Each structure stands twice: as structure tokens, then as C-alpha cells.
Amino acid sequence: MSDTATNPRKQTLDKDLDKLVHVEEATTTVARGLVAPGLGLLFLALTAIFAATYTFGEPRAVIIIAAAAIGAYMALNIGANDVANNVGPAVGAKAMTLGGALLIAAVFESAGALIAGGDVVDTISKGIIDPAAVGTPEAFVRAMMAALISSALWINLATWIGAPVSTTHSVVGGVMGAGIAAAGFSSVDWAMMTQIAASWVVSPVVGGIIAALFLAFIKTAIIYQDDKITAARRWLPLLIAIMAGAFAAYLTLKGLKKVFPVSGTGAAIIGFAFFAVTWFLAHLFVHAQSEGLENRNQSLRSLFKVPLVISAALLSFAHGANDVANAVGPLAAIVFTVHESTVNTTVTIPLWVMIIGAAGISIGLVLFGPKLIRMVGEQITKLNPMRAFCVALSAAITVIIASGLGLPISSTHTAVGAIFGVGFFREWYTAHSKRRRAYLERKGVRLKADNGASDDDDLEIELQKTSREEIARRKLVRRAHVRTIVAAWVTTVPAAALLSAVIFLVLDLVA
């Protein structure tokens with residue numbers, strides 16, 4: 001008989017030690033979950049101190065310091081939610097690790113914000129409300145404060161439930177709600193709001209269609225060719241050149257306006273020049289990379305990885321250049337109004353305010369971004385480098401088309417809509433493509449009539465006999481995520497507006 005069995009005290013001691021071990025493990029788990037919020041609060045405190053150094057001795061410095069902390073909170077939430085659209089597809093496609101994606105996005109987001117972030121911003125989000133109708137400068141400051149708080153809270157909630165939402169729409173809703181609370185419904189430009197509402201549909205639909213068309217081309221021209229490597233050498237340089245030209249024009253129009261102003265014609269010329277040069281260089285790159293590769297889809301994935309990583313970096317740069325204004329635009333309006341005791345439709349953003357926005361986006365991405373990155377890259381639909389490349393290419397082209405037509409558009413809706421488009425196209429293609437069936441039959445794979453397979457990347461999976469019910473159950477796009485995201489999109493503006501109106505009324509009572 002063992003000592004433990006004969007010694008009740010030892011049995012009790014062992015049980016107590018086991019309990020202590022479990023308590024220690026639980027404590028460690030809980031503490032780990034508090035690290036990110038703790039560091040986030042530390043950043044807000046440091047932001048307040050940073051702002052105090054620039055407002056020391058001013059009569060209303062407390063208002064600016066409080067607004068700086070709120071703007072930093074907004075920037076954290078933009079980094080946690082919005083940036084996932086730029087690097088999520090590359091992570092989901094295994095083109096880069098999560099850590100590498102966080103590093104690349106943080107560097108290029110900050111660079112875009114500080115180098116190409118617009119130094120003049122429309123403080124009322126593209127004319128949503130009439131500043132003159134709001135009333136006194138004090139009321140305008142409260143309206144901008146309410147807009148910042150409400151939009152930040154809404155994005156925080158969306159991140160928590162795992163829904164990528166448009167930060168631009170959140171700010172628009174916040175400004176609209178505060179404007180209505182301050183001056184009534186007549187203060188809102190409803191024609192502009194109608195255009196923004198239309199972008200809820202235009203952005204994801206156009207992004208999804210363009211991404212699906214590129215994926216259809218890649219499948220037809222490369223994937224289902226007998227000699228995949230030769231087909232990739234022929235067509236991949238063209239796709240890379242299109243990406244380079246699109247991003248060159250995109251960054252020129254949307255991201256580099258602070259560095260040098262360029263007309264639409266100038267941007268088109270720059271885009272075409274990058275297209276031509278990149279097409280030549282891409283031929284050399286693809287030929288060198290494809291030497292010795294086997295005639296398999298896995299080889300194709302490796303050829304798409306480098307262009308995909310570059311596109312993620314460029315998307316992050318452009319996002320930092322454009323969307324930093326969502327965090328610091330209202331903050332800059334507050335700073336200007338407090339200093340000048342007057343309301344203006346456009347203001348110059350001080351460098352210290354831009355630094356807060358750039359730092360907040362990068363820190364929010366690192367601390368809270370992984371959740372949405374995994375959602376966008378892995379949980380909506382399965383991505384590989386070819387599909388993720390189509391998503392990135394679609395995002396740039398859609399924004400260019402919308403800019404040329406003068407349509408308001410959401411980069412978040414565009415990118416996520418492109419992912420939807422890729423997934424739904426795969427569902428249709430798997431079930432209906434005659435070219436795919438002919439290709440598989442040439443490879444000796446027999447399919448039951450009317451049946452496809454769950455993934456067209458691995459021919460071994462095609463051998464599985466799956467029923468129609470099983471195919472219906474294993475949809476390639478997760479419907480639960482689609483419903484959650486679409487619901488969040490539709491409710492973003494009204495929810496942010498209602499929350500902003502309540503916050504403004506509370507601030508008005510306190511004042």
C-alpha cells in the first residue's frame with residue numbers, strides 16, 4: 001500500500017497543491033487578458049501628458065488634453081479594427097505570419113500618416129453638418145467631442161463582436177448625431193448622407209465583383225491549365241503590373257496629396273508608367289522564381305506570395321495616409337476652435353496631433369488587431385495567395401474607380417466585400433464550371449454529376465464522394481459571419497449617431 005493511501009494528511013496536501021496550481025493557472029490566464037487593456041490605458045495617459053506639454057499655460061488646456069486622450073482612444077480602435085482589412089488576407093493566405101503582418105502594418109501605417117497624411121482636413125466629415133448652424137464655438141467643441149467618443153465606442157463594440165466596420169461611417173454618424181442634437185435635422189446635408197448610404201451597397205458589391213472577375217481569370221488562365229508554370233510566366237507579370245499601376249495611381253490620388261498635388265490625368269500617367277516598368281521587371285522576377293518549380297498549385301501559391309506582401313504594405317501606407325484623419329480630424333477641429341474661439345470648416349492639423357493619430361493606430365493594431373485580422377483573413381472564407389491577391393487588387397482598383405466617378409466609398413466595405421466575392425464565386429465555380437470538370441477529368445478524377453468538392457486546390461479532396469446535403473452544409477463562405485458583418489455595416493451610422501446625440505446632450509447639461 002502506498003504512502004499516499006495510508007497518509008490522509010498527504011492526500012489532503014496533494015489536493016491543496018493541485019488547487020493552488022489550478023488557481024495559479026487561472027490567474028495567469030486572466031492577467032494575460034488584462035495586459036493589452038492595461039497598455040492601452042497607459043498610452044491614453046501618456047497621450048494626455050504629451051498633449052499637456054503643448055498646451056501648458058493655456059486657459060482652456062484641460063479641454064484640449066481631454067480631447068487628445070479621446071482622439072488617442074479613437075486611434076486605438078481604428079488600429080484594432082480597420083487595419084485588419086489591409087493585412088488580414090495575406091495572413092489568412094499564409095503569405096506572412098501574424099507577427100510579420102503586425103510589424104509591416106504598424107510601420108507602413110505610421111509612415112503613411114506622418115509622410116502623406118493630409119495637413120488640411122475637413123473637420124465636419126465632408127460637409128455632413130453646417131458648422132454655422134451648431135451655434136457657439138463651445139457647442140461645436142462639444143459636438144466634435146461627442147462625435148469622437150461615440151464613434152470610438154461603436155468601433156470598440158464592433159471589434160469586440162468581431163465585425164470589421166467602416167471608421168469613416170462611424171465618424172460620419174457621430175458628427176451627424178451631434179449636429180442633430182445641437183441644431184436639429186436641418187443642419188444635416190441629407191444629399192451627402194444619401195450618397196454615403198449608397199456606398200454601403202456600392203463598396204462591397206463593386207469590390208466583390210472585381211475580385212471575383214480576377215479570380216475567374218486566374219483559375220481559367222493559370223490554375224486549370226495543363227502547364228501551370230508556363231501559364232503563370234505568361235499572365236502573372238501582367239497581374240503584378242496591373243497591381244503596381246493601380247497602387248501608383250491610388251497612392252498618388254489618395255495618399256500623396258500632402259507631398260505633391262497631382263491631377264487625375266497626372267495620376268493616370270504615373271500609374272501607366274509604373275505598369276509598364278513593373279511588367280518588364282515582373283517577367284524577370286517570375287521567370288527566376290519559377291525555375292525548378294513543380295507543375296502544382298502549391299508552386300503557384302509561392303509565386304503570388306511576394307506580390308501579396310507588397311500589396312499589404314502599400315494598402316497599409318495608403319490607409320494611414322487617409323484614415324488617420326478619422327481619429328485626428330475632430331481633434332484638430334477642437335484644438336483650432338479652442339485656440340481661435342471661432343469655428344472654421346477646414347483647419348491645419350498640428351504635427352503633435354498627427355503623431356497621436358499615427359501612434360494610436362499602430363499601437364491599437366499591435367494590442368488588439370489580431371482578433372480582426374484572423375476574422376478577415378481566416379474565418380469568412382478560406383484564402384490562399386491567389387485569392388488574397390485578388391482581394392488586394394480589387395480594393396485598390398475599386399477605390400480608383402469610385403474616386404474617378406466622385407462616389408464616396410469605404411475601404412473596409414470594399415476589402416471585406418472582395419473577400420465575400422471571392423468566397424461566393426468559389427461556391428458557384430465549384431458547382432458549375434465545365435472547364436474545371438474537364439480539367440479534373442483530364443487528370444483522371446471523376447466527379448458525380450451535379451457535385452463539386454469543398455476545395456479545388458487539392459485534387460485528392462475531389463475523390464471524396466459528397467452528397468448535395470453535405471455540400472450545402474459545407475459552404476465556402478460562413479453565413480453567420482456574413483450576417484454579423486452586414487448587420488454591423490447597416491447599423492453603424494444610425495448607432496453612432498444615436499450614441500453621439502445622447503453624449504452631446506449629456507455634455508451640454510454638464511456644461
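Let's start with I49. This residue is exposed, with a relative accessible area of 54%. Exposed means over 50% relative accessible area, buried means under 20%, and partly exposed is in between, using a 1.4 Å probe and protein chains only. I49 sits in helix α2, residues 8-55. Helices here are DSSP runs of H or I, at least four residues, and they are numbered from the N terminus.

A word on the model. It is predicted, so local features need pLDDT of at least 70 and side-chain atom pairs count only at pLDDT 80 or more, while totals for chains, interfaces and linings use all residues. Residues are numbered from 1 along each chain as its sequence is written, and side-chain values use heavy atoms, with hydrogens and water left out.

Back to I49. Together with V35, L39, L42 and L46, I49 forms a nonpolar patch on the surface. Their accessible area together is about 450 Å². That area comes from the Shrake-Rupley method with a 1.4 Å probe, and for residues only the protein chains shown count as cover. What makes a patch? Its residues have over 30% relative accessible area and no salt bridge. Nonpolar side chains (Val, Leu, Ile, Met, Phe, Trp, Tyr) are joined within 5 Å, like charges within 9 Å.

Next, salt bridges. How many does the structure hold? Three. The rule is a side-chain nitrogen of Lys or Arg within 4 Å of a carboxyl oxygen of Asp or Glu.

Take R142 and D508. Their side chains meet at 3.0 Å, N to O. This pair links distant parts of the chain: R142 is in helix α7 (residues 137-161), D508 is in helix α19 (residues 479-510), and they are 366 residues apart. Buried or exposed? R142 is buried, at 18% relative accessible area. D508 is partly exposed, at 35%.

Now R233 and E291. Here the salt bridge spans 3.7 Å, N to O. R233 lies in helix α10 (residues 228-255), and E291 lies in the loop between α11 (264-290) and α12 (297-340), so the pair ties together parts 58 residues apart in sequence. R233 is partly exposed at 26% relative accessibility. E291 is partly exposed too, at 48%.

Last pair: E427 and R479. The closest N and O atoms of this salt bridge are 2.8 Å apart. E427 lies in helix α15 (residues 411-432) and R479 in helix α19, so this bridge ties together parts 52 residues apart in sequence. E427 is buried, with a relative accessible area of 16%. R479 is partly exposed, at 30%.

Definitions and conventions: Helix = DSSP H or I, 4+ residues; strand = E, 2+ residues; numbered from the N terminus.
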